[in-house]
Amino acid sequence: MAQDHIRYDILAQDALRSVIRKVLTEVAATGHLPGDHHFFITFLTGAPGVRISQHLKSKYPEQMTIVIQHQFWDLKITESLFEIGLSFSDTPEKLVIPFNAIRGFYDPSVSFELEFDVAAGEEEEEDEAASAEITAYPVEKTEEADGETVAAGEDGEKKPGGSVVSLDSFRKKN
């Protein structure tokens, strides 16, 4: 197989992460989510650049899912990360989440989901992150959050309605 000098795997991953960046940028500009849209964002709490309180880090040492729906503030987006204020058990928290730390993005109002296999913590290298398996497919609508920002350590089961595309076959071989 020919060597991929263009690195389509990296381009595809960046393009899918830009969907999340674009959506959050639009929400930050208006200050609210349109219609019934709301987002479940799962990220690795130990990934480089993630900043969360020690309390949240000890409660969710590996990954965490946040819900962006009714109560959030100070949403700021940069090219590489987003910052958001959320309340956890009536305690305000500021989270900084690099887009590269995101494992999943789900909008149950329209059954849209993006999933990324992200390498954890210090072991992450650019080539490992670029070779991640990326999934984009509609899913069955799940029960929505009760309107309060919530966090969970694990995703609920979601059933894909489409196909999974693995980018490993496009990786350059060493």
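Among contacts between residues at least 6 apart in sequence, 61% join residues at least 24 apart. Keep in mind as you look around that this is a predicted model. The protein has 3 helices and 9 strands, and from the N terminus on these elements follow the order α-β-α-β-β-β-β-β-β-α-β-β. Of its 174 residues, 41% are buried. The accessible surface comes to about 9,700 Å², with carbon and sulfur atoms accounting for 50% of that area.

In soluble globular proteins, nonpolar side chains tend to be buried together. Here, the largest nonpolar core has 30 residues, and Ile41, Ile66, Ile68, Phe82 and Leu95 are those with the most contacts inside it. At least two residues of this core come from each of α1 (8-30), β1 (39-44), β2 (63-68), β4 (81-88), β5 (91-98), β6 (102-107) and β7 (112-116).

Because 6 of its 6 residues are buried, β2 is largely enclosed by the rest of the structure. The cover extends to both faces: Gln63, Thr65 and Val67 are buried on one side, and Met64, Ile66 and Ile68 are buried on the other. Alongside, β1 pairs with β2 in the antiparallel sense over 6 bridges; Leu44, for instance, has Gln63 of β2 as its bridge partner.

Finally, take a look at Ile68. Leaving aside neighbours within four places in sequence, Ile68 is in contact with Leu24, Leu33, His38, Phe39, Ile41 and Ile84. Two of the names met here, Ile41 and Ile68, are also among the residues with the most contacts inside the core.

Conventions: Residues numbered from 1 in each chain as written. Predicted model: local features only at pLDDT ≥ 70, side-chain atom pairs only at ≥ 80, totals over all residues. Heavy atoms only, no water. Core = buried A, V, L, I, M, F, W, Y, C linked by side-chain atoms within 4.5 Å. Buried < 20%, exposed > 50% of the residue type's maximum accessible area, 1.4 Å probe, protein only. Helix = DSSP H or I, 4+ residues; strand = E, 2+ residues; numbered from the N terminus. Contact = heavy atoms within 4.5 Å. Pairing = 2+ DSSP bridges. Areas by Shrake-Rupley, 256 points an atom, 1.4 Å probe, with all protein chains shown as cover.
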